Amino acid sequence: MSLTFLIDDPEAVLSSWPREPRRYHRDPLLFERYLTLAEVDRLIDTNCLATRNVSLLKNSKILERHLYADEDLPRPGALREHLNAGGTISLRSLERLVPALADLHHVLRQETGYGVHVNAYLTPPGAQGLKYHYDPYVTLILQLSGPKAWPVHDPFVVNPVREYGSYHTDGFTPEQLRFLANTPPKETYTLAPGDVFWLPRGYVHSPYTVGDAPSLHLTVAFKERTYHWVAERIATEVLAQALTDPAMREEVPPSTITEYPAGAVHLMRNYLLGALLQLNEDEMCAQLAAEAQRPV
Ligand SMILES: [Fe+2]
């Protein structure tokens, strides 16, 4: 199983990562190998899920664990009660729980060199888990059961990452909140079982169930490697090599630090420029390839 199984144009996507939402469709029966509503119901009702496997959402908030769990285990029946009260359950890191998703996770990491995680979301009819928000990575939504509507607005931040422009750390500004309250979504995608929805990072979304059926979808998140990540790897390597040079471990005289820091800054700027020019690019490429397969 690979990206080919999920989208129509994997080669084009791997060479030019799409920055616009798009929808694909597969036979919904093909997704039964991953997860079904019946399996999720059974996991919930047999109390098979540990606290680390679930996150409970309601009214756009993540419930604190003490409200439904004792240490490592949700209290018996608590997850079903949450669903019955209109809450959403997110099943976390399913690549560690479901063998077919472990395979998918492994192949997608190999194919992209990106960090990948796989979660599922079960939302009852007439409910909504998270309201308007955006994510710092692309999500590929695989609709498994029931319909779900995804109103989408254009990004406020170009190419957000966890460390810059992240909704999860920064939230929305008052202007952005006003915009969202007064502007209809650019488009609303209503997903049916078998739909695969590519939602690039930064797009503001507020999904909710429609109709009488619960919605179950898988979210495959690809945590993109950025040019900043490449630069960071190179800088880390240059600094690691610098540490092997006794001259670089020499102390900077206190008077230089306090009275003439420009001398040290000038010296080290030139050192780093020289070190970057001497960097062995073949070795660096091999390091990057190995690093890309490590978990994010
Ligand atoms: Fe999201």
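In which sense do strand 1 and strand 11 pair, and over how many bridges? Strand 1 and strand 11 (residues 195–199) are antiparallel, and 4 bridges connect them. The legends below place this pair in its surroundings. The model is predicted: local features need pLDDT of at least 70, side-chain atom pairs count only at pLDDT 80 or more, and totals for chains, interfaces and linings use all residues. Residue numbers start from 1 along each chain as its sequence is written.

**Figure 1. Overview of the protein.** The protein contains 11 helices and 14 strands. Here helices (H or I, at least four residues) and strands (E, at least two) are DSSP runs, numbered from the N terminus. The C-alpha trace spans about 70 × 45 × 40 Å along its principal axes. The domain assignment gives domain 1 (3–223) and domain 2 (227–292); such bounds come from an automatic or database domain assignment. The centres of domain 1 and domain 2, taken over C-alpha atoms, are separated by 40 Å. Of the 296 residues, 25% count as buried. A residue is buried if 20 or more other C-beta atoms lie within 10 Å of its own, exposed if 12 or fewer, and partly exposed in between, with C-beta atoms placed from the backbone.

Figure 2. An unreviewed UniProt entry carries the annotation "domain: JmjC" for residues 87–239. UniProt positions are given in the numbering used here, feature names are shortened, and annotations may be inferred rather than shown by experiment. Within residues 87–239, 26% is helix and 33% is strand, and the end C-alpha atoms lie 49 Å apart.

Figure 3. Two strands pair if DSSP finds at least two bridges between them. Strands of a sheet pair through backbone hydrogen bonds, either parallel or antiparallel.

**Figure 4. Strand pairs around strand 7.** Strand 7 and strand 14 run antiparallel and are joined by 9 bridges. Strand 2 and strand 6 pair in the antiparallel sense over 4 bridges.

**Figure 5. The hairpin of strand 2 and strand 3.** Strand 2 and strand 3 are antiparallel, with 2 bridges. Lysine 58 has lysine 61 in strand 3 as its bridge partner. This hairpin has 2 residues between the strands, and asparagine 59 takes a positive phi near 50°. Serine 60, in the loop between strand 2 and strand 3, has a positive phi of about 70° although it is not a glycine. Serine 60 counts as partly exposed because it has 13 C-beta neighbours inside 10 Å.

**Figure 6. Asparagine 47.** Asparagine 47 lies in the loop between helix 3 (37–45) and strand 2 (54–58). Its phi is near 55°, a positive value in a residue other than glycine. Asparagine 47 is partly exposed because 15 other C-beta atoms lie within 10 Å.

**Figure 7. The largest nonpolar core.** A nonpolar core is a set of buried Ala, Val, Leu, Ile, Met, Phe, Trp, Tyr and Cys residues joined through C-beta atoms within 7 Å. The largest has 44 residues, of which Ala120, Leu140, Leu142, Leu218 and Val220 touch the most other members. Not counting residues up to four places away in sequence, valine 220 touches Leu108, Val116, Val118, Thr139, Leu140 and Leu142. Two residues are in contact if their C-beta atoms, placed from the backbone, lie within 7 Å.

**Figure 8. Tyrosine 208.** Tyrosine 208 belongs to strand 13 (residues 208–209). Leaving aside neighbours within four places in sequence, tyrosine 208 is in contact with Gln128 and Ala149. Tyrosine 208 is partly exposed because 18 other C-beta atoms lie within 10 Å.
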